[in-house]
Amino acid sequence: MSALRPRNQLETHDVANQPPPFEDVNLFTSDVALQAAVAAAGGGRHAERLSDFGARAGSAEIAAWATQANENRPQLKVFDRYGQRIDEVEFHPAYHGLLALGVEAGISSAAWSGVAAGHVLHTALEFLMAQAEPSVCCPLTMTSGAPAALTFQPDVAATWKPKILAARYDPSSQPMQGKSGVTIGMAMTEKQGGSDVRANTTRAVKRDGGYALTGHKWFCSAPMSDAFLTLAQTDRGLTCFLAPRWMPDGERNAIHLMRLKDKLGDRANASAEIEYHGAYAQIVGDEGRGVRTIIEMVHHTRLDCILAPAAYMRQALANALWHAAHRTAFQKKLIDQPLMRSVLADMAIESESATALTFRIARSFDESANESAAAFARIATPIGKYWINKRVVNLAYEAMEVHGGAGYIEDGAMTRIYRQSPLNSIWEGSGNVICLDILRAIQRDPHSAQELVAELEGSRGANRWLDRAVDDVKARLASPYDEAFARRLAEMMALALQGAVLVRNAPSFVADAFCATRLREHPGFSYGAMAAKVDVDALIERAMPRK
Ligand SMILES: Cc1cc2nc3c(=O)[nH]c(=O)nc-3n(C[C@H](O)[C@H](O)[C@H](O)COP(=O)(O)OP(=O)(O)OC[C@H]3O[C@@H](n4cnc5c(N)ncnc54)[C@H](O)[C@@H]3O)c2cc1C
């Protein structure tokens, strides 16, 4: 039997000039820049696993699950039929299917599983998952980041870590002792202050071999998680705790879900407002050292806040290229129109530079036993988080515009990508807070700035615009630090770093195009407004998804 197809000869017109669905695409093998970045970061050994996952993540079936999960948003069930509190969130089976796919692929465990290049593997798997459906990345990311904080409390880690690393998705709501695998959430933000967590008012008092928490959290995403890393005040100051959803004896912990947020994007995932009513929790790390403890987790989740916008860029670009390759206007395919080619090539430069930087940073996590690599990761992570998130929203919009009116309609992928795209800039440290963190790294850990400069110097001589950008960064680092200038500094560092990574690992037509269009005097303010001559044909050929 030939392939099934819809009826396209209608009573009033023939349906023509519409692209075929962009489905059943292997998201790994169709992405040359991703494969190159993964290999350069030491992840080549995982290519087969990534290819298998890329095929599944890019399949039509998974795309259908993503649509279902977004169309059937999670529902809060506070009480059961008898009026007893249950504080559950009901998800569509498609959401469970997607989360199971991510957990069982190893996204939340690979970084700690002991395989070589584990962080690169985690990053690559989640890069693919974020394109299949990004809303499950929130619980995957938090679960993956949790072991970094739990390290401060070996007895708690001994109980929870094996179930985090089990790579098993068990959606049942019950004490963790009876589950084959767990997911972990994170609840820091309160109404009176999110960035400034020291303003938290949730209180913790010692009780029954643990602590009792009383207070609220204004944001608590993935509230179906099995436990939440959370912050609360003791007499010694802000302290980190792990609050399980269930007590070991089978009673529900007193964590009340007050309501679910109505969000711009990330709609298939639930984000709740919660209250602790004397909720049981175990301490993690030293009393009064809560920020020091949880920041280890945040350092890791920030890596995921870099990979996610890089993945959205790739997805937006791939969809735009696909559409332009199949749609005709004025007797010519869109992809053959010179002005459209400039737009697509410029977006391809941006997408590849984001991917390359993401995996360079992921590599430094794998190498973090080495002091220099850890110092590099310390400063490169906020630089990447700030910059790639600043660049993604406009790229998502531009890719939407490539689709014309169809891009703005909910039937396709572009509206979801667009709504999702600002999220990772806001959570885990909003833009300004991240720039101030870069200043903090420079001031408190000069080694991190030295490692950044060493990385930049390693590219010296490859491109004159890059050499100049590196000199500018060094000059700026030598002058006093001004908070008001922190965004400018972050931008300069990010661009120089992207250039340095590309000249080392990407073909010269990509690196040269990046330097010529981003590091010269007059970069264009919108995609396609490139003053420099770049190899548009090679850029488009490289970025075009291969089915
Ligand atoms: C969809 C979603 C899910 C989330 N999930 C969670 C979760 O699971 N757990 C959790 O704990 N939190 C979560 N958050 C909360 C998020 O982490 C916070 O919103 C974020 O950290 C900012 O805190 P805030 O909202 O209190 O803003 P504020 O701290 O009030 O900041 C507002 C703005 O001021 C800027 N700013 C702050 N300080 C300075 C300064 N010194 N100088 C200059 N500018 C400054 C910030 O960059 C920001 O742009 C989530 C948020 C969203 C949108």
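**Core**

I began with the largest nonpolar core, which has 170 residues; Met129, Leu229, Leu344, Met347 and Met493 touch the most other members. Helix α8 gives the most to this core, with 15 residues. I note here that the model is a predicted one.

I then listed the contacts of Met129, leaving out residues up to four places away in sequence. Met129 touches Phe53, Leu98, Leu101, Gly102, Ile107, Pro134, Val136, Cys137 and Leu140 on that count.

**Strand β3**

Strand β3 covers residues 184-187, and β6 covers residues 227-234. The two strands pair in the parallel sense, over four bridges.

I asked which residues of β3 lie on each side. Ile184 and Met186 are on one side, Gly185 and Ala187 on the other, and all are buried, so both faces of the strand are covered. In a regular strand, side chains alternate between the two faces of the sheet.

**Helix α8 and Thr301**

I returned to α8, which spans residues 290-326 and holds Thr301. Is Thr301 buried or exposed? Thr301 counts as buried because its relative accessibility is 0%, and the cut-off for buried is under 20%. Not counting residues up to four places away in sequence, Thr301 touches Thr141, Met142, Gly145 and Glu428.

**Salt bridges**

I searched the whole structure for salt bridges and got 33. Side chains of opposite charge can pair when their charged atoms come close.

Asp346 forms a salt bridge with Arg518, with the closest N and O atoms 2.6 Å apart. This pair links distant parts of the chain, 172 residues apart: Asp346 is in helix α9 (residues 338-366) and Arg518 is in helix α17 (residues 508-518). Asp346 and Arg518 are both buried.

Glu352 forms a salt bridge with Arg542, and the closest N and O atoms are 2.8 Å apart. The pair again links distant parts of the chain, with Glu352 in α9 and Arg542 in helix α18 (residues 536-543), 190 residues apart. Arg542 counts as buried because its relative accessibility is 15%. Glu352 counts as buried at 8%.

Arg504 forms a salt bridge with Glu455, with 3.0 Å between the closest N and O atoms. Arg504 lies in helix α16 (residues 486-505) and Glu455 in helix α14 (residues 446-457), 49 residues apart, and the pair links distant parts of the chain. I asked how Arg504 counts at 40% relative accessibility. Arg504 counts as partly exposed at that value, whereas Glu455, at 9%, counts as buried.

The network I looked up links Arg302, Arg378, Asp437 and Arg440 through salt bridges.

**Rings**

I searched the whole structure for aromatic pairs and got five. One of them is Trp218 with Phe219, an edge-to-face pair at 6.3 Å centre to centre, with 85 degrees between the planes. Trp218 is partly exposed because its relative accessible area is 27%. Phe219 is partly exposed too, with a relative accessible area of 40%.

What sits over the ring of Trp218? The charged end of Lys261 does, at 3.4 Å from the ring centre. I also looked up Arg56, which lies over the face of Trp65, at 5.4 Å from the ring centre.

**Lys263**

My last entry is on Lys263, in the loop between β8 (255-260) and β9 (271-284).

I then looked up what Lys263 is in contact with, leaving aside its neighbours within four places in sequence. The residues are Arg73, Asn269, Ala270 and Ser271.

I also took the separation between Lys263 and Asp482, which are 219 residues apart along the chain. Their C-alpha atoms are separated by 35 Å.

Technical notes: Residues are numbered from 1 along each chain as its sequence is written. This is a predicted model: local features need pLDDT of at least 70, side-chain atom pairs count only at pLDDT 80 or more; totals for chains, interfaces and linings use all residues. Side-chain values use heavy atoms; hydrogens and water are left out. Buried means under 20% relative accessible area, exposed over 50%, partly exposed in between (1.4 Å probe, protein chains only). Contact means heavy atoms within 4.5 Å. A salt bridge is a side-chain nitrogen of Lys or Arg within 4 Å of a carboxyl oxygen of Asp or Glu. Rings of Phe, Tyr and Trp (its six-membered ring) pair if their centres lie within 6.5 Å; planes under 30 degrees apart count as stacked, over 60 as edge-to-face and the rest as tilted. A charge sits over a ring if NZ of Lys or CZ of Arg is within 6 Å of the ring centre and within 35 degrees of the ring normal. Two strands pair if DSSP finds at least two bridges between them. A nonpolar core is a set of buried Ala, Val, Leu, Ile, Met, Phe, Trp, Tyr and Cys residues joined through side-chain atoms within 4.5 Å.
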